[in-house]
Amino acid sequence: WITAHRDTDVVSKEDFGLAQENDRLRRENRILKEEREILKKATVFFASQKP
(Lines give C-alpha, C1' and ligand atoms only; values in the text may rest on other atoms or scores of the structure.)
Protein backbone atom coordinates (compact mmCIF):
# COMPACT_ATOMS: atom_id res chain seq x y z
CA TRP A 1 0.00 0.00 0.00
CA ILE A 2 2.94 2.31 0.56
CA THR A 3 3.99 2.07 -3.07
CA ALA A 4 0.47 2.84 -4.20
CA HIS A 5 0.38 5.99 -2.10
CA ARG A 6 3.82 7.17 -3.18
CA ASP A 7 2.42 7.90 -6.62
CA THR A 8 -0.26 10.22 -5.26
CA ASP A 9 -0.03 13.79 -4.05
CA VAL A 10 -0.80 12.63 -0.49
CA VAL A 11 2.91 12.09 0.11
CA SER A 12 4.91 15.28 0.07
CA LYS A 13 7.69 15.68 -2.45
CA GLU A 14 10.24 15.81 0.38
CA ASP A 15 9.01 12.51 1.82
CA PHE A 16 8.97 10.96 -1.63
CA GLY A 17 12.54 12.11 -2.23
CA LEU A 18 13.63 10.66 1.10
CA ALA A 19 11.94 7.36 0.30
CA GLN A 20 13.73 7.21 -3.05
CA GLU A 21 17.06 8.00 -1.39
CA ASN A 22 16.44 5.29 1.23
CA ASP A 23 15.69 2.75 -1.50
CA ARG A 24 18.86 3.70 -3.38
CA LEU A 25 20.98 3.46 -0.23
CA ARG A 26 19.49 0.09 0.70
CA ARG A 27 20.32 -1.28 -2.76
CA GLU A 28 23.85 0.13 -2.57
CA ASN A 29 24.32 -1.31 0.92
CA ARG A 30 23.17 -4.76 -0.24
CA ILE A 31 25.60 -4.69 -3.18
CA LEU A 32 28.48 -3.60 -0.97
CA LYS A 33 27.77 -6.39 1.52
CA GLU A 34 27.74 -8.94 -1.31
CA GLU A 35 31.04 -7.60 -2.66
CA ARG A 36 32.60 -7.73 0.81
CA GLU A 37 31.56 -11.37 1.22
CA ILE A 38 33.10 -12.24 -2.15
CA LEU A 39 36.35 -10.52 -1.18
CA LYS A 40 36.43 -12.38 2.14
CA LYS A 41 36.04 -15.71 0.34
CA ALA A 42 38.73 -14.77 -2.18
CA THR A 43 41.09 -13.81 0.64
CA VAL A 44 40.57 -17.16 2.36
CA PHE A 45 41.09 -19.00 -0.92
CA PHE A 46 44.30 -17.21 -1.87
CA ALA A 47 45.68 -17.35 1.67
CA SER A 48 45.28 -21.13 1.65
CA GLN A 49 47.25 -21.50 -1.60
CA LYS A 50 50.84 -22.65 -1.02
CA PRO A 51 53.39 -21.84 -3.71
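Residues are numbered from 1 along each chain as its sequence is written, and side-chain values use heavy atoms, leaving out hydrogens and water. Because this is a predicted model, local features need pLDDT of at least 70 and side-chain atom pairs count only at pLDDT 80 or more, while totals for chains, interfaces and linings use all residues.

**Stop 1: the whole chain**

Start with a cartoon view of the protein chain, where you will find 2 helices and 0 strands (DSSP runs numbered from the N terminus: H or I of at least four residues for helices, E of at least two for strands). Of the 51 residues, 2% count as buried (under 20% relative accessible area; exposed is over 50%, and partly exposed lies in between).

**Stop 2**

Next, select Glu21, Arg24 and Glu28 and show their side chains. Glu21 and Arg24 sit 3 residues apart in helix 2 (residues 13–48), about one turn of the helix. Their closest N and O atoms are 2.8 Å apart, forming a salt bridge (a side-chain nitrogen of Lys or Arg within 4 Å of a carboxyl oxygen of Asp or Glu). Arg24 also meets Glu28 in a salt bridge, at 3.1 Å from N to O; these two are 4 residues apart in helix 2, again about one turn.

How exposed are these side chains? Glu21 is partly exposed at 33% relative accessibility, Arg24 is partly exposed at 37%, and Glu28 is partly exposed at 38%.

**Stop 3: further along helix 2**

Move on to Glu37 and Lys40, which are 3 residues apart in helix 2, about one turn of the helix. Through their shared partners, salt bridges join Glu21, Arg24 and Glu28 from the previous stop into one network. Here, the side chains of Glu37 and Lys40 meet in a salt bridge of 3.6 Å, N to O. Glu37 is partly exposed at 35%, and so is Lys40 at 45%. A search of the whole structure finds 4 salt bridges, including those visited here.

**Stop 4: the aromatic pair**

Finally, which rings make up the 1 aromatic pair in the structure? Select Phe45 and Phe46: their ring centres are 5.1 Å apart and their planes meet at 75 degrees, so the pair is edge-to-face (centres within 6.5 Å; planes over 60 degrees apart are edge-to-face, under 30 stacked, the rest tilted). Phe45 is partly exposed at 46%, whereas Phe46 counts as exposed at 59%.

Methods. Buried < 20%, exposed > 50% of the residue type's maximum accessible area, 1.4 Å probe, protein only. Phe/Tyr/Trp six-rings, centres within 6.5 Å; stacked < 30°, edge-to-face > 60°.
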